[in-house]
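Keep the 3D view open as you read.

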Amino acid sequence: YVHQREQVKWSYRNYHRDVQALTVDLLGAARDDIRGTYDTYVERVNTLLLLNALLLPFAFSILQFSDAFILQTEDQCPTCIEAQHPWLAIVWAYLGGLALVLPFWSLLMLFWCKIKTDQWLKQPIEELQLLRKAFVAR
């Protein structure tokens, strides 16, 4: 009877240690899953950052106008299409401005996404670490 009671006590302890080990393993798997998701999104953002960095020189090339790209007035060229349709000059100016502004804006937004993704990773990892410490301390 005494040996059986001790056996039950040891089985009870082993069961709780197994539950504790399983919980710690699940917390570790959750952490790995979060890090995997983070890595996926960070690689997407890094790819877009690289693409934008490669496209940025094309935005700067708009600043180098040759004579063919300078708009002519009606006095300079009465048969030119921009002289016949003045609204084309406005469209051309807006497109040139967008070509200069959008690459910088997209780089800033991608850096913002990267910062937010880093913050997203930090919070759940800290919470999982606190859960793990609290569970192991029990």
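Before looking for holes, here is what counts as one: on a 1 Å grid over the protein atoms alone, a cavity is a set of points where a 1.4 Å probe fits but cannot get out, and lining residues have an atom within 4 Å of a point. Grid points are joined across faces, edges and corners, and a volume is the space filled by probe spheres set on the points. Keep in mind that this is a predicted model, where local features need pLDDT of at least 70, side-chain atom pairs count only at pLDDT 80 or more, and totals for chains, interfaces and linings use all residues. Residues are numbered from 1 along each chain as its sequence is written, and side-chain values use heavy atoms, with hydrogens and water left out.

So what does the search turn up? Across the whole structure there is one cavity of 30 Å³ or more, and the largest cavity holds about 50 Å³ of space. Its lining is made by Leu27, Gly28, Arg31, Leu128, Gln129 and Arg132. Helices α1 (2-61) and α3 (87-137) each give at least two residues to that lining; helices here are DSSP runs (H or I, at least four residues), numbered from the N terminus. Sorted by class, the lining has two nonpolar, two polar and two charged residues. For that sorting, Ala, Val, Leu, Ile, Met, Phe, Trp, Tyr, Cys and Pro are nonpolar, Asp, Glu, Lys and Arg are charged, and the others, Gly among them, are polar.

Stay with Arg31 for a moment. Its side chain meets that of Asp32 in a salt bridge, at 3.7 Å from N to O. The rule asks for a side-chain nitrogen of Lys or Arg within 4 Å of a carboxyl oxygen of Asp or Glu, and by that rule the count is one. The scale calls a residue buried under 20% relative accessible area, exposed over 50%, and partly exposed in between (1.4 Å probe, protein chains only).

Trp87, Val91, Leu95, Leu98, Val101, Leu102, Trp105, Leu108, Met109 and Trp112 make a nonpolar surface patch of about 1,100 Å². Patch members have over 30% relative accessible area and no salt bridge, and nonpolar side chains (Val, Leu, Ile, Met, Phe, Trp, Tyr) are joined within 5 Å. The areas come from the Shrake-Rupley method with a 1.4 Å probe, with only the protein chains shown counting as cover for residues. Leu108, one of the patch residues, sits in helix α3 and is exposed because its relative accessible area is 57%.

Asn46, in helix α1, is 68 residues from Lys114 in sequence and 8.4 Å from it in space. Ala137, in helix α3, is 82 residues from Leu55 in sequence, with 53 Å between them in space.

Between α1 and α2 (81-84) there is a loop that holds Phe69. Phe69 counts as exposed because its relative accessibility is 54%, and its C-alpha is 9.9 Å from that of Trp92, 23 residues away in sequence. Glu82, in helix α2, counts as buried because its relative accessibility is 18%. From Glu82 to Leu71 the C-alpha distance is 6.7 Å, across 11 residues of sequence.

Terms used. 1 Å grid on protein atoms, 1.4 Å probe; cavity = no way out; pocket = protein on both sides within 12 Å on 5 of 7 lines; lining within 4 Å. Patch = residues over 30% accessible without salt bridge, like charges linked within 9 Å, V, L, I, M, F, W, Y side chains within 5 Å.
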